[in-house]
Amino acid sequence: MQWEVEALEPDELQRLVLAAVDPYIDRDVLARQIAREEKQRRALATFLDGWDTSGMA
């Protein structure tokens, strides 16, 4: 079976992809990765908050 993915609605494509990969997701690894990314986002936001509008620290 072959699908033209461009013809699918974005929500339907997302549903199909998530359904296909769901059995292979290691929830513990995913939770750790999400936590690590959130920590990096906070660090970046803190860094950027230290810069003024001229781009200087």
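This is a predicted model: local features need pLDDT of at least 70, side-chain atom pairs count only at pLDDT 80 or more; totals for chains, interfaces and linings use all residues.
Colleague: OK, how many helices and strands does the chain have?

Modeller: Helices (H or I, at least four residues) and strands (E, at least two) are DSSP runs, numbered from the N terminus. Here you get two helices and zero strands.

Colleague: And how does α2 compare with its expected span?

Modeller: The expected span is 1.5 Å times one less than the number of residues. With 23 residues, α2 reaches 33 Å from first C-alpha to last, close to the expected 33 Å.

Colleague: Which residue caps the N-terminal end of α2?

Modeller: Think of a polar contact: a pair of N or O atoms within 3.5 Å; within protein, one must be able to donate a hydrogen and the other to accept it, and residues adjacent in sequence count only if both atoms are side-chain atoms. The cap is D26, with a side-chain oxygen 3.1 Å from the backbone nitrogen of D28.

Colleague: What share of the chain is buried?

Modeller: Buried means under 20% relative accessible area, exposed over 50%, and partly exposed in between (1.4 Å probe, protein chains only). Of the 57 residues, 0% are buried. Areas come from the Shrake-Rupley method with a 1.4 Å probe, and for residues only the protein chains shown count as cover. The chain exposes about 5500 Å², with carbon and sulfur atoms supplying 59%.

Colleague: Which residues make the nonpolar surface patch?

Modeller: Patches take residues with over 30% relative accessible area and no salt bridge, joining like charges within 9 Å and nonpolar side chains (Val, Leu, Ile, Met, Phe, Trp, Tyr) within 5 Å. This one covers about 590 Å² and is made by V5, L13, V17, L18, V21, I25, L30 and I34. The elements giving two or more residues are α1 (10-21) and α2 (27-49), and α1 gives the most, with four. Take L30, in helix α2: its relative accessible area is 36%, so it's partly exposed.

Colleague: How many salt bridges turn up in the whole structure?

Modeller: A salt bridge is a side-chain nitrogen of Lys or Arg within 4 Å of a carboxyl oxygen of Asp or Glu. The search finds five. One of them joins D22 and R27, with the closest N and O atoms 2.3 Å apart. D22 is partly exposed at 37%, and R27 is partly exposed too, at 45%.

Colleague: Which residues are linked in a network?

Modeller: An α-helix has 3.6 residues a turn, so residues three or four places apart point the same way. In α2, E37 and R41 lie four residues apart, and their salt bridge has its closest N and O atoms 3.8 Å apart. R41 also meets E38 at 3.8 Å, N to O, and these two are three residues apart. The network links E37, E38, R41 and R42.

Technical notes
Residues are numbered from 1 along each chain as its sequence is written. Side-chain values use heavy atoms; hydrogens and water are left out.
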